[in-house]
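Trainee: Before we turn to particular features, could you take me through how to read a model like this one, giving the general idea and then the case at hand?

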Amino acid sequence: MKVTRQWFEEQPSPIREILLERYNPSFLGERKDLWAALIGGFDWSKTPEGEIFWRNIYDSQSFNSLVELHKTNSLQSQPQKPLQPTITVSNYPDWYRMVNFKFPNGYSGKFYYCVGPFMNCQNFSIAAFNQILEVCNDKQTIELINLVKVKVEKALLLIDINHSYINRVDKIFKESVMFKNEYKSTNNSEMCMYMINLNNLKS
Amino acid sequence: MKTVKQWFEEQEPEIAALLLKRMRNPTRKTESLWVAIDLGFNWEGTPEGHNYWSMVKNAQILPFSDIDKTIKEYNFSEKESKEAGNKSLSFKLSNGYKIEITFSISPFGNCQNFAISNFENLLQGSDKDIYFFLLKTVFLSGKRLLIIDIKYNRLERIKNLFNDCIIFEQPYESTNGSKMIILMIKLTTIQSKIKQLLN
């Protein structure tokens, strides 16, 4: 059993890129095979290809038609894509801000951050940081956080994540980690709180 | 596993009387008191209302009469933001000074913890003021892990208040050179602290 994203990442290009672009991280859970991941990975009706197209792929258990479609689309000239992700920040109630982001390769998502969880002029928090880690690779995560830092104008980031993400966070933020505290939550989850100094974060 | 009736009968007399009066499903077996409250009766049909029992269940605290009475005396005035926002509570401290404290319900997107923004203002109050404020926030947030970020020199007071409830304390030097400390405090025993204080 693997999570949907893992099934999609194992596919050859360009199938992998297309599936990951369509992938919706809020569709949680492990899938027994690629085809189960295809059903449970995103809402077919909300893709440019449409529900019938994906239904045919599922029924035939072949991505040939997807590759053909991609070739056709690639023949059309495309505008130069930016190297950095683009983000839009909108106000959320009080000290919360919603961030919508999109990378040139199609990875996109949204998250919210809290400008002043402690009314401290030096720190802020990002909520549900694991959702960023699910959608972005290490480099993209750093690029994204650097953009957020500019918007927030604070350098101390606090995140609270499940224990299973610790290795990944350590690898991404390395010497920027000011402290991390592992703890057991009131629902018995193994969690970890980090403070990261974004002034030390290298792209 | 016990029946709903058994769970209710085990509570302090006044609480037990109230729960047994509300009970509609006495023989149902449940794993905890909180599930028994969830399944033991229809919240909508009670004088306390759905919100009250929802808060009781989420906070996992049953206010006994003295506590309930004192909470009412504090006359907390609540300002509520929209979903995922903050709440502010203004109230009068025992010394007569009126303050407003804001707390963030979900700064980390974690269903178990919340943060109080200007905790240092709360430290102007007595121990009783602080405990009752926190009890109220547990009810309002339905969460029992509190995170605060304060100046390091306030640590001693915090330790006096919460010595056995601190999950972690993490001193750090902020980017403007301030000596700070972040603490995570478990509020599951806040009610027993209040009981000790009142006795």
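Trainee: To begin with a single side chain, what does B:Arg157 count as in terms of relative accessibility?

Mentor: A word on conventions comes before that: this is a predicted model, in which local features need pLDDT of at least 70 and side-chain atom pairs count only at pLDDT 80 or more, while totals for chains, interfaces and linings use all residues. Residues are numbered from 1 along each chain as its sequence is written, chains are lettered from A and ligands numbered from 1 in the order in which they are written, and side-chain values use heavy atoms, with hydrogens and water left out. Burial is read from relative accessible area (buried under 20%, exposed over 50%, partly exposed in between, with a 1.4 Å probe and protein chains only). B:Arg157 has 22% relative accessibility and therefore counts as partly exposed.

Trainee: With which residue does B:Arg157 form a salt bridge?

Mentor: A salt bridge here is a side-chain nitrogen of Lys or Arg within 4 Å of a carboxyl oxygen of Asp or Glu. The partner of B:Arg157 is B:Asp127, with the closest N and O atoms 3.0 Å apart. Because B:Arg157 lies in helix α8 (residues 155–162) of chain B and B:Asp127 in helix α7 (residues 127–141) of chain B, the pair ties together parts that are 30 residues apart in sequence. Helices and strands are DSSP runs numbered from the N terminus (helices H or I of at least four residues, strands E of at least two). B:Asp127 is partly exposed too, at a relative accessible area of 32%.

Trainee: How many salt bridges does the structure hold over all chains, and which residues of chain A take part in them?

Mentor: Over all chains there are 17 salt bridges. Among those of chain A is the one between A:Lys180 and A:Asp170, where the closest N and O atoms are 2.7 Å apart. A:Lys180 belongs to strand β8 of chain A and A:Asp170 to helix α8 (residues 166–173) of chain A, so this pair ties together parts 10 residues apart in sequence. A:Lys180 is partly exposed at 34%, as is A:Asp170 at 26%. A:Lys46 also forms a salt bridge, with A:Asp43, the closest N and O atoms being 3.8 Å apart; here A:Lys46 is exposed at 70% relative accessibility, whereas A:Asp43 is partly exposed at 29%.

Trainee: Turning to a helix, which residues of α4 (residues 51–60) of chain A are buried?

Mentor: The buried residues are A:Phe53, A:Trp54 and A:Ile57. They lie on the same side of α4(A) because they cover an arc of only 90 degrees around the axis, the arc being that of the directions from the helix axis to the C-beta atoms. A:Ile52 and A:Asp59, on the other side of α4(A), are exposed. After α4(A) comes A:Gln61, with a positive phi near 50 degrees.

Trainee: How many residues of chain A and chain B are in contact, and what is the area buried between them?

Mentor: Contact (heavy atoms within 4.5 Å) joins 37 residues of chain A to 39 residues of chain B. The buried area, meaning the accessible area (1.4 Å probe) that two parts lose on being put together, summed over both, is about 2900 Å², and carbon and sulfur atoms give 60% of this. On the side of chain A, A:Tyr96, A:Phe118 and A:Thr186 lose the most area to chain B, together 23% of what that side buries. Between the two chains the count of salt bridges is zero.

Trainee: Where does A:Thr186 lie, and what does it touch?

Mentor: A:Thr186 is in the loop between β8 and β9 of chain A, and it counts as buried at 16% relative accessibility. Not counting residues up to four places away in sequence, A:Thr186 touches B:Gln112, B:Arg144, B:Leu145, B:Lys186 and B:Thr188. Its side chain makes a polar contact with the side chain of B:Gln112 (2.7 Å).

Definitions and conventions
A polar contact is a pair of N or O atoms within 3.5 Å; within protein, one must be able to donate a hydrogen and the other to accept it, and residues adjacent in sequence count only if both atoms are side-chain atoms.
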